[in-house]
Amino acid sequence: MAASNYEMSATDKKFIAWHMFVAVAALSIGALFGPLQAIEGVVPNLYDFLKPVIQSYYQGLTLHGVLNALIWTTFFITGFLTLTTIHGLQRPLKYPKLNYVGFGLMVAGLLIAAVPILLNQASVLYTFYPPLMASPLFYLGLTLVVVGSWVEGWGFYFTYNAWRKENPTARTPFVTFGGLITMVLWQFATIGIAAEILTQLLPWSLGLLPGVDPQFARTEFWFTGHPLVYFWLLPAYISWYGFLPKQVGGKLFSDSLARIAFWLFLVLSIPLGFHHQFVDPGVPPLWKFIHALLTYSVFFPSMMTAFTVIASLEYGARKNGGKGMLTWIRALPWKDPSVAAQLLAGILFFFGGIGGITNASYNINLVVHNTAWVPGHFHLTVASAVTLSFMGISYWLVPYLTGKKLWKPQWAVIQAWLWFVGMLIFSNGMHTLGLLGAPRRTPLGIAPYIPDAWNGRLLQNAFGGVILLVAAYLYIVILAVTAFNKNGEKATTQIPVAESIQDPAASPAWLDKWMPWLIATLLLVVIAYGPQLVAQISSIQLTSPGFPYK
Amino acid sequence: MSGQANTRLHIDAYERNWMIISVVLLVVFVTAVSVAGFMMGINVPAPQNRVNPNTVAKEGPFSTPGLRELGGGKYEAYILAGNWKYDPKEMSVPVGSSVTFYITSSDVQHGFKLANLETGEATNLNVQVVPGQVSKLTIKLDKPGTYQYICTEYCGGAHPTMFGTLTVTP
């Protein structure tokens with residue numbers, strides 16, 4: 001792996017910092033609405049107190065989902081991938097202005113989508129299933145965010161090509177390799193949502209199309225919806241494989257298996273969207289079953305990741321004097337907030353992964369589909385494995401970008417633990433309620449069918465939600481003081497790029513060739529989606545008029 | 001760089017065993033799901049004839065939603081979801097009945113999940129209700145009690161109030 005001696009320019013750092021700023025700003029608003037959902041089960045009609053600023057529970061839930069799951073993630077990830085590109089390749093961006101344009105489009109899209117959301121004209125949640133209809137500005141804004149991220153991705157590809165010309169035989173550094181795969185996956189996957197918005201939702205919301213086909217729209221949405229999960233997750237994996245081992249004083253256990261895992265995530269994470277549609281009426285069971293099998297296949301690189309990451313951690317812990325079969329875990333640097341946050345994220349992800357296998361299990365989905373179990377699940381994945389890892393990354397990234405020492409690192413450790421404990425409490429409550437039959441996306445405090453027996457679980461959710469809010473704001477305050485306190489202590493932070501135990505140059509050359517893997521990705525998508533896309537498009541019925549939120 | 005010539009992939013022995021365990025686990029999962037689905041008949045909905053959401057309330061079987069007895073302990077239930085209500089809102093069948101549900105929507109997407117919320121007993125009836133499509137699923141009701149069917153898909157402001165009741169009489 002290349003030596004970490006390249007010093008990023010101040011402009012580059014500022015550019016990445018802007019991504020972070022928008023991401024954290026989005027989180028600061030999105031996180032506010034989380035506890036409001038969670039407390040609602042105990043104290044109903046809380047939103048009455050927020051009028052006229054926020055009109056309804058569903059406006060709040062839309063803000064929570066869009067800002068946290070779409071904006072916080074996408075801005076953080078494009079910023080982080082800018083870093084893995086520049087620092088991994090040890091060279092500046094080839095066309096920085098292209099990346100600035102991409103970022104500008106993302107910000108413009110966010111502002112455009114924010115208008116209807118804040119006016120309660122887009123309270124359709126972050127899945128925006130038609131025929132519930134939002135203002136056209138909402139669809140337009142989301143499209144621009146996605147297109148902007150594509151443009152930034154093209155900037156990464158140009159930079160990679162330039163590096164490849166200068167280094168024709170070198171292995172692509174791991175963090176850059178992972179970042180590029182993340183971006184390719186994203187660009188491939190978002191074709192579904194782009195098609196849904198541009199051919200159905202946008203013209204329909206503008207009155208140019210009399211109706212949409214809600215079933216086909218769901219198929220288009222979930223073409224993007226599941227790989228989206230891997231777009232969130234892979235940057236956390238880049239950190240777990242490529243940075244975290246260094247932070248614990250160790251090395252990456254296996255460079256080649258890490259690369260194989262990333263290739264498998266690219267190839268396997270798109271052709272399985274029907275596992276979100278197991279109980280949809282318009283998709284034949286055979287195709288649902290095929291997608292269930294393909295979803296299971298992603299379990300394989302996930303298990304490889306678990307092995308390699310834990311083996312890398314153990315290698316570091318033993319070098320620090322760790323002993324015993326499991327007690328080596330104590331020898332990890334738990335006092336480093338960046339490490340603590342990512343280790344705790346990994347532990348939560350263990351439970352999230354098990355729940356994910358449950359969801360993907362074809363007929364078992366009949367029990368959990370659209371119940372509170374589902375948000376319980378994805379708060380362990382996107383809101384823990386991903387978000388808590390991103391928080392951990394921030395604890396070295398923001399000091400690196402600002403040249404300041406992290407403010408109150410011991411508080412940052414507490415922050416990570418608060419998130420961990422809050423999430424255990426909250427997600428346990430949600431999973432249990434889901435198994436009892438509680439629907440998701442529902443203010444249970446005012447639902448007439450709720451039995452008294454659920455009160456304890458609803459209280460548990462509220463309790464977990466409040467802890468999570470405290471943890472979110474502790475994170476935001478620590479970052480804000482670190483970045484903006486003029487009297488903050490100056491310090492130089494190194495980017496913790498992990499070396500591999502095995503020399504990356506000794507890993508097989510086919511692991512650094514794009515074409516075979518891209519062809520495999522395309523082929524598998526054609527096989528897994530082709531027949532159903534033809535069938536659903538040839539029988540499309542644009543019969544559903546729009547229903548604005550009321 | 002001498003890497004180009006080296007195409008052998010090194011896999012640690014522990015990691016190889018771990019990968020074998022992963023594959024075995026997957027085979028177990030696939031077997032369990034397949035046995036439940038294709039031998040025990042716990043299956044997911046399949047496409048039915050399409051309907052027009054704009055006219056479905058006025059013509060065809062959904063213009064007179066409700067329970068129809070077929071004889072021999074078998075029933076059909078036609079349910080129309082719309083405007084934050086299910087039609088019919090209440091149904092009753094004797095214990096041991098096998099009921100085939102046909103559900104569609106006259107407006108936005110809804111959900112339909114049947115469970116006894118008091119006892120926490122779920123059933124395997126849980127479908128997405130999509131305008132233009134008919135969600136069909138058959139279940140056998142072997143335990144008496146009061147079951148609720150609740151909307152599990154966000155359908156607008158009054159979504160939390162959308163439910164109905166199915167009584168299974170002893």
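Chain A and chain B bury about 6200 Å² between them, and 66% of that area comes from carbon and sulfur atoms. Three residues of chain A stand out here: A:P281, A:L366 and A:Y449 supply 12% of the area that chain A buries against chain B, more than any other three residues. Keep in mind that this is a predicted model.

**The interface**

In terms of who takes part, 79 residues from chain A and 69 residues from chain B make the contact. The polar side of the story goes like this: 23 residue pairs are in polar contact across the interface of chain A and chain B, counting pairs with both residues at pLDDT 80 or more. There are also two salt bridges between the two chains. In a salt bridge, the side chain of B:E153 meets the side chain of A:R441, with 3.3 Å from N to O.

Which elements of chain A give two or more residues to the side that touches chain B? Here they are, with their residue ranges.

| Element of chain A | Residues |
|---|---|
| α8 | 214-242 |
| α10 | 255-268 |
| α11 | 285-319 |
| α13 | 365-368 |
| α15 | 409-436 |

Out of these, α11(A) gives the largest share of the side of chain A that touches chain B, with 12 residues.

One residue to look at is A:F350, which sits in helix α12 of chain A. Is A:F350 buried or exposed? A:F350 counts as exposed because its relative accessibility is 54%, and the cut-off for exposed is over 50%.

**A buried valine in chain B**

Now for a residue on the other side of that scale. B:V168 belongs to strand β10 of chain B, which covers residues 163-169. With a relative accessibility of 2%, B:V168 counts as buried, since buried means under 20%.

What does B:V168 touch, leaving aside residues up to four places away in sequence? Its contacts are B:V93, B:P94, B:V95, B:L141, B:K143, B:P144, B:G145 and B:Y147. As for B:G156, that residue is 12 residues from B:V168 along the chain, and the C-alpha atoms of the two are separated by 30 Å.

Terms used:
Residues numbered from 1 in each chain as written. Chains lettered and ligands numbered in written order. Predicted model: local features only at pLDDT ≥ 70, side-chain atom pairs only at ≥ 80, totals over all residues. Heavy atoms only, no water. Helix = DSSP H or I, 4+ residues; strand = E, 2+ residues; numbered from the N terminus. Buried < 20%, exposed > 50% of the residue type's maximum accessible area, 1.4 Å probe, protein only. Contact = heavy atoms within 4.5 Å. Buried area = accessible area lost by both parts, 1.4 Å probe. Salt bridge = Lys/Arg side-chain N within 4 Å of Asp/Glu carboxyl O. Polar contact = N/O pair within 3.5 Å; in protein donor to acceptor, adjacent residues only side chain to side chain.
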